[in-house]
Amino acid sequence: MSRRAAVVLGAAVLASWGLLGTQAVLTAPDVLNLRITTNMTGVIPSTLYGYMWEDINHSGDGGLYAELLQNRAFQGVLPGTQNALNAWQPYNGARLSVTNKVEGVTSALPNSLQFTIPKIVFGPIGFENTGYWGIKVQAGWTYNASFYAKSDTFTGPITASLKSTTGTTYATATIKDISSDWKQFTFTFEPNTSAPDTNNVFHVEVNGPEAAGQTIHFGMFSLFPPTYLGRPNGMRVDLAEALAGTNPGVWRFPGGNNLEGASWAMRWKWNETIGPIENRPGRVGDWGYPNTDGLGLMEYLNWAEDLGAEPILGIWSGISIQNYSDYSSWPIVPEADLQPYIDDAINEIEFITAPANSSEWGALRAKYGREEPYQLKYIEVGNEDQFQPESYAGYRWNAFVTAIGERFPDLEFIATTYPSTALNPPYMKIDYHQYESISWFENAAFMFDNYPRNGTQYFVGEYAATSTNDSVPLGTIASGRFLYPTLAGAASEAAFMTGMERNSDVVFASAYAPSLQHIRNYQWTPDIMTYDAGRLVLSTSYYVQQMFSLNRGTHLLATSPASTNDSAPLYWVASHNNETNTVFLKVANTGPDDLTAYLSFDFNVSSLFGTAVSLSTPTLSPITGMFNISNTLDEPENIIPVSSAFAIPYPDRYNYTFPATSVTVIALEANM
């Protein structure tokens, strides 16, 4: 993902495809006469709707990854500095510092917390972790906790607890048998009472007078609530359930900018994200905060399986990110030095796909708990390589695709540069990103109508309506950028999505981005879901993704007329699901007025009732007719889908009114 991704395609490309200047020609009380035929014009791929993923906005650490303790192993920090103690605080006068002057828990984790008790102290003394801006304490949950500890002198008990910042204790555990060698202590918390808010801490203390003058070292803390599907080292339940609730067809990972690193050494290294978490060194990610890499390669692949989504694996392609104002500052691996990085990608793919009994890397995967190979079909070579097109076209694409293709001939490769870039071998799939204004997405609803049918396919690997400002779609909030997705923005995305679905012979996949945003620390807006330590809000864009993905046909149906510029601000696509014999009509109305369509069918509806789900401003409410409205953590249900059933008096026709600035999916049982 790029801070300058708003320039992609843009006005010049739309103009070259004849797509600028869409004008609304349907105005109330005009009526659209729309016929849905039985002519199936193409197959809709299961990969059409999904997500792009990278750790941005604390979407991984502090988000989907369920670990509750921030800075749990002091990764990516400078020992001896105050910043190294981020999220940690002393209790009752304890002296805390992060040090690498004693041997760490493992060679991957050289830093540890040095806890020194003053010689004169009264009462308990210790330290606390404030979590990712709070910790949720829920009655009935079992929290799995652990830490490493050692001391040359202290041998007494240690008490760990979940407490509120005002002193209420919700659960406690006592840890004994500390020695001079590193030892991991595991324990559980089972609170009987839920905390009223997330102003809670993970608290560790000892008896002050008994421990006076002594030093204890701690390392690799962990605190997990229950996780999605009960997976160890797994996902936060509410966020995971929400992502799974859209039934995504693809999961693109691990980035995004966060794949590339600020230098070659700081890139995302797959082999440092596997195995026991104490063997993962972590890194400072591209979005300005340390990544623990607890959410690593195998966790991503397990998660894709849990979703039932096709993984799209991004591999590092030989560039790292520097100044976006000076592309010449970006480090690019010379052609003569590229082979070790190609070999690394091959090893990664072998780790994922090789049999455990005939491969060194497959055996390592089995050692880490996965005997059966993972399924992998798509490899994305790099990320936004349009910023360095000369070296990408000159040698990097060719080198990776040729070598990997020889070793894994069944894989399909996705290029990440300008669609106009000539590559050798020619790309068959291309990923390009769209962060644009509302009007851009409305205009672009037809951009794929004229896409060449020459065997190449498009992956809209990142997209979102980000602003009302056509000139600066990634500007400031004051200049029109959205803090949260809006109803108008979501309707424009839906218009664009009808175009993707109508042209799903050439658009094989799409991925909304970014996925998640921690409201207390974020780098990008808008995002499809926003959360804090205890709450989650689903955006208008989330509901559009859910509506389109869950109501998915297997085959496209032709309509008369087809959706074109002439029918704006209504945009539509029709489909038929051969498994359920359901016809879907998806309609975006991006205009300010209700618009009616006279629908006729070349088939008979087999039920007396049809159903619809619609996203619009609620009637007779304070926000009726307000389209620049969002769901927020404080007002999470301003705009939510409303489902309804309606009687169909005639089996071959029906009239339907699409609300102003809305997204609607109609479902009909059909005799086809």
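This is a predicted model: local features need pLDDT of at least 70, side-chain atom pairs count only at pLDDT 80 or more; totals for chains, interfaces and linings use all residues.
Let's start with S5, which covers residues 112-116. Of its 5 residues, 4 are buried, so the strand is largely enclosed by the rest of the structure. "Buried" here means under 20% relative accessible area. S5 pairs with S4 (residues 95-99), and it also pairs with S12 (residues 215-224). Here's how those pairings look:

| Strand pair | Sense | Bridges |
|---|---|---|
| S4 and S5 | antiparallel | 5 bridges |
| S5 and S12 | antiparallel | 4 bridges |

On the S12 side, Phe115 has Ile216 as its bridge partner.

Now over to Leu538, which belongs to strand S24 (residues 536-538). Which residues does Leu538 touch, once neighbours within four places in sequence are set aside? The list runs to Ala242, Ile528, Met529, Tyr543, Asn631 and Pro636.

Finally, the domains. The domain assignment of the protein chain gives domain 1 as 32-42 + 554-669, and domain 2 as 82-224. How far apart do the C-alpha centres of domain 1 and domain 2 lie? The separation between those centres comes out at 55 Å.

Terms used: Residues are numbered from 1 along each chain as its sequence is written. Side-chain values use heavy atoms; hydrogens and water are left out. Buried means under 20% relative accessible area, exposed over 50%, partly exposed in between (1.4 Å probe, protein chains only). Helices (H or I, at least four residues) and strands (E, at least two) are DSSP runs, numbered from the N terminus. Two strands pair if DSSP finds at least two bridges between them. Contact means heavy atoms within 4.5 Å. Domain bounds come from an automatic or database domain assignment.
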